Amino acid sequence: MDKETAYIEPRLSLKEEFFDIDAIPESIFNIEIGKTYFRFAVKFQNRFVYLEEYSYPENLGKNLFLEELLNQHAFLSARFWKDVKIILHSDKKTVIPTYIDASEALLIWES
């Protein structure tokens, strides 16, 4: 890790002051990974209380950046969330305008 950064600053940060690490076991952690950004939000007691967004730096590969961010950030390094939800954005998408279960998805995939 010769290109390690000392501290990674979010480009956007919104947070409720009362939220802290003690509330993590009752909170849902939402992660969004896009082509040019990484963002996460925390939902506590049915409302979003924390949001941060990061742009990938040009001087650091995406994987190294995410590894460092996950290790540096107090919330991202926590491993005791109530639930974790991840959204991966891709240029290759299919919109299905109805709910399908896993077995139906597999049938669509194989056909």
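Contact here means heavy atoms within 4.5 Å. Keep that in mind for this tour of a predicted model.

**Stop 1: the core.** Start with the largest nonpolar core, a set of 22 residues. Select Phe 19, Phe 38, Phe 40, Val 42, Phe 65 and Trp 81, the residues with the most contacts inside this core. Now colour the elements around them. β2 (27-33), β3 (37-44), β4 (47-55) and α1 (62-72) each supply at least two core residues. Which element gives the most? β3 does, with 4 residues. In soluble globular proteins, nonpolar side chains tend to be buried together.

**Stop 2: Val 42.** Select Val 42 and show its surroundings. Leaving out residues up to four places away in sequence, Val 42 touches Phe 19, Ser 27, Ile 28, Phe 29, Arg 47, Phe 48, Val 49, Tyr 50 and Trp 81.

**Stop 3: Ser 27.** Is Ser 27 buried or exposed? Its relative accessible area is 0%, under the 20% limit, so Ser 27 is buried. Beyond its neighbours within four places in sequence, Ser 27 contacts Phe 19, Val 42, Lys 43, Phe 44, Trp 81, Lys 82 and Asp 83.

**Stop 4: the loop between β3 and β4.** Select Gln 45, which lies in this loop. Asn 46 is in the loop between β3 and β4 as well. Check the backbone. Most residues other than glycine have a negative phi. Gln 45 has a positive phi, near 50°. Phi of Asn 46 is also positive, near 60°. Gln 45 is exposed at 64% relative accessibility, and Asn 46 is exposed at 73%.

Conventions:
Residues are numbered from 1 along each chain as its sequence is written. This is a predicted model: local features need pLDDT of at least 70, side-chain atom pairs count only at pLDDT 80 or more; totals for chains, interfaces and linings use all residues. Side-chain values use heavy atoms; hydrogens and water are left out. A nonpolar core is a set of buried Ala, Val, Leu, Ile, Met, Phe, Trp, Tyr and Cys residues joined through side-chain atoms within 4.5 Å. Buried means under 20% relative accessible area, exposed over 50%, partly exposed in between (1.4 Å probe, protein chains only).
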